[in-house]
Amino acid sequence: MEIKINRETCTGCGLCKKVCLYNAIEIVNSKVVINENCVFCGACVEACKFNSIEIAGLLSEDKKDFSDYGGVCVYLEANGSVISDVGFELISKGRELADRLGAELSAVAVGNSIKDGVVEGFRYGLDKLYLIDNPVFSNNLDDIFAIALAQVIKRYKPEIFLAGATAFGRTLIPAVAAILKTGLTADCTGLDIDNERKILLQTRPTFGGNILATIVTRNARPQMATVRPHVMEKKIISEIPADYENKIEYIKINDSDFKTKYKLVSVDRELDEKINITDYDVVVSGGRGLGGSDKFSMLKELADLLGGVVGASRAAVDSGWISYPHQVGQTGKTVNPRIYIACGISGAIQHLAGMQTSDIIIAINKDPDAPIFKVANYGIVGDLIEIIPELIKRIKGAKSTA
Amino acid sequence: MIRIKIVVCIKQVPATTEIKIDPKTNTLIREGIENIINPFDSYAIEEAVRIKERLGDPDTEVIAITMGPHQAMEILREAISAGVDRAILLSDRAFAGADTWATATTLAGAINKIGDCSLVILGKQTLDGDTGQVGPELAQKMGIPFVGYVSSVLEINKNNMKVKRLMEDRYETFEVSLPSAISVIKDINVPRVPSLRGKMKAKSAEIPVWDSEILGLNKNEVGLSGSYTQVVKIFTPRIKHDTMIIEGTTDEKVEHLYRILKESHVV
């Protein structure tokens, strides 16, 4: 593995040096020299106009035989008896990938009394459901869930395994990958099949969304990826088939294999405040331009009218106007709602990283040059203190006359 | 008084939060980006130091480790100035290009070599890689429990601890035995400003460098060779959108907004 510069074609133009985030490129005698800071991220390879940079040894051929692996498998995450939507979104995506491979699409679900919820997966195109339904799995505990998933994967050997990048999934799935000794790509926004090699191409944002990287899993199976909620679209394609029972494989477990090291002491649900901001179709976010914590009640009223939730920029959270679970952006949460309304948010790049994939972005800001207007579909240059209350009135008026 | 060893895993990252968009060309300005300590790792360091203070035994040791090139030494000195007792740099050309798995292998190798660690603390994710996978992979590899997104260490003693983690819509409180690993979120504390004494200590601190040989790791297990995943293509996302600026009086603007919301079926 090394990074090679073609000294014949390199002009020393420095384009690569400009894009390098790691100070790994120097220009010596009009030629590029790569130093020890290089992490092989490949940004320079893309930037070079003369194709002078090559990362050699990239994609060494898989030496192992993976012919006993087949099919796509999706993890259907349950919280109590509620099934996370992201599981159904991934079944829809998984259907597409399985069809491309001419392979079977399965799902695995682990929990207690979850059958009614998970059979919904058949509407999205499941061929097979592996179900572990047992009181041992009443609470989502990383260690025993990891063992259960790893057992199913080892037994049925899917070539691709997809899971939601929920708070639970983001700690559980790496543990599963570590048990299986295979690769895992986090927070993919694009999944595709390489037609020639029939492998999974996993595309994800990195550097806070500044760069997209396509990643492959080599020398190990399954190819594992997590995907954030709302990134893929769920599509109902059929009714639950009449013979669905034949498509369920009830996995019997040996209780003694599942001794958890965790003791769940308590669960606090903040009922007075909606903090699961990734779960809503509408997010109304406030930033520094709001001017104070009291203004958030106005945003909350609007969010409630729209069936949505309140988000915030880092500036608003750091000012103590609203609690951290509401923070959108690189150091907070990533949201992909249908509508994102940014109120008094200038749109620093780390905020954009957390919301720019929203379907419709509406920005309200006094400053016409605010970067938020670059990603917004609709922009209003104006005072939100005037506009939001009027909008609330307008919505309420329409509701009362309706 | 309780004496334990706490290891904090930190990383030097490009300060992507400083990246700006060139308003003329609409491209990213990456030049002159500084290297900083991963912001989430500052909370990990602070929490380790607070736990040491809480346990009240001066022999409790907080050790910071990082994997990276020699310039990563800077953040280890920063960690010492913030109260860490000693630091170790894991550096080897063979470590470059590591994915989360190969990174976990290297860090676990170092933690095992340090020996007798009760608690491993990490930031919830890094600014550059953004995966949050190293913690749970590391813990699984070491066979110890992992709790992610910790917002509070409620209790800790020699054999176990009670921690609270933030999930999408709730907080969960767990008791786990030690040794364990946790990743922390920014809610957990406010990192202190390094003292002058800390800065002096950091300046003169001896920081050993461990390579793959010292860690007893085969070169095939680390870096890109030890990685199961590999980047095959890098590209810059298009910052798209034709923004429609809504003009008019406040009433007209509000009416237009209302129409957009209505067309989207949310009112």
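1. The buried residues of helix α2(B) are I75(B), L76(B), R77(B), E78(B), A79(B), I80(B) and S81(B). A residue is buried if 20 or more other C-beta atoms lie within 10 Å of its own, exposed if 12 or fewer, and partly exposed in between, with C-beta atoms placed from the backbone. G83(B) follows α2(B) and has a positive phi, near 120 degrees. Helices here are DSSP runs of H or I with at least four residues, strands are runs of E with at least two, and both are numbered from the N terminus.

2. A word on the source. This is a predicted model, in which local features need pLDDT of at least 70, side-chain atom pairs count only at pLDDT 80 or more, and totals for chains, interfaces and linings use all residues. Residues are numbered from 1 along each chain as its sequence is written, while chains are lettered from A and ligands numbered from 1 in the order in which they are written.

3. Chain B first. It has 7 helices and 15 strands. Its C-alpha atoms fill a box of roughly 70 × 40 × 40 Å along the principal axes. Of its 267 residues, 56% count as buried. Two residues are in contact if their C-beta atoms, placed from the backbone, lie within 7 Å. Among the contacts in chain B with a separation of 6 or more, 70% are between residues 24 or more positions apart.

4. Now chain A. It has 11 helices and 22 strands. The C-alpha trace spans about 70 × 65 × 40 Å along its principal axes. Of the 402 residues in chain A, 53% are buried. For contacts in chain A with a separation of 6 or more, the share from residues 24 or more positions apart is 64%. Chain A divides into domain 1 (2–56), domain 2 (72–255) and domain 3 (277–401). These bounds come from an automatic or database domain assignment. The centres of domain 1 and domain 2 of chain A, taken over C-alpha atoms, are 38 Å apart.

5. The chains meet. In chain B, 76 residues are in contact with 95 residues of chain A. Elements giving two or more residues to that side of chain B include β3 (20–21), α4, β14 (229–235) and α7 (250–263). The largest share, 8 residues, comes from β11(B).

6. One open sheet crosses between the chains. Its 10 strands have the order β17(A)-β11(B)-β10(B)-β9(B)-β12(B)-β8(B)-β1(B)-β6(B)-β7(B)-β13(B), with mixed pairing. Two strands pair if DSSP finds at least two bridges between them. The edge strands are β17 (262–269) of chain A and β13 (209–210) of chain B, each pairing on one side only. Strand β7(B), residues 86–90, runs parallel to β13(B), joined by 2 bridges. L89(B) stands opposite V209(B). Helix α1(B), residues 39–55, lies across several strands, among them β1 (5–10) and β6 (61–67) of chain B, and runs at about 170 degrees to β1(B). Such angles run from 0 to 180 degrees between N-to-C directions, with axes fitted to C-alpha atoms, for helices over the stretch in contact.

7. Strands β18(A) and β19(A) pair over 4 bridges. There V284(A) stands opposite V310(A).

8. Check the cis peptides. One joins R221(A) and P222(A), with omega about 0 degrees. P222(A) sits in the loop between β14 (211–217) and β15 (223–227) of chain A. Another runs from L178(B) to P179(B), with omega near 5 degrees. P179(B) is in the loop between β11 and β12 of chain B.

9. Check two positive phi values as well. D187(A), not a glycine, has a phi of about 55 degrees. It lies in strand β11(A), residues 184–188. H230(A), also not a glycine, has a phi of about 70 degrees. H230(A) is buried, with 22 other C-beta atoms within 10 Å.
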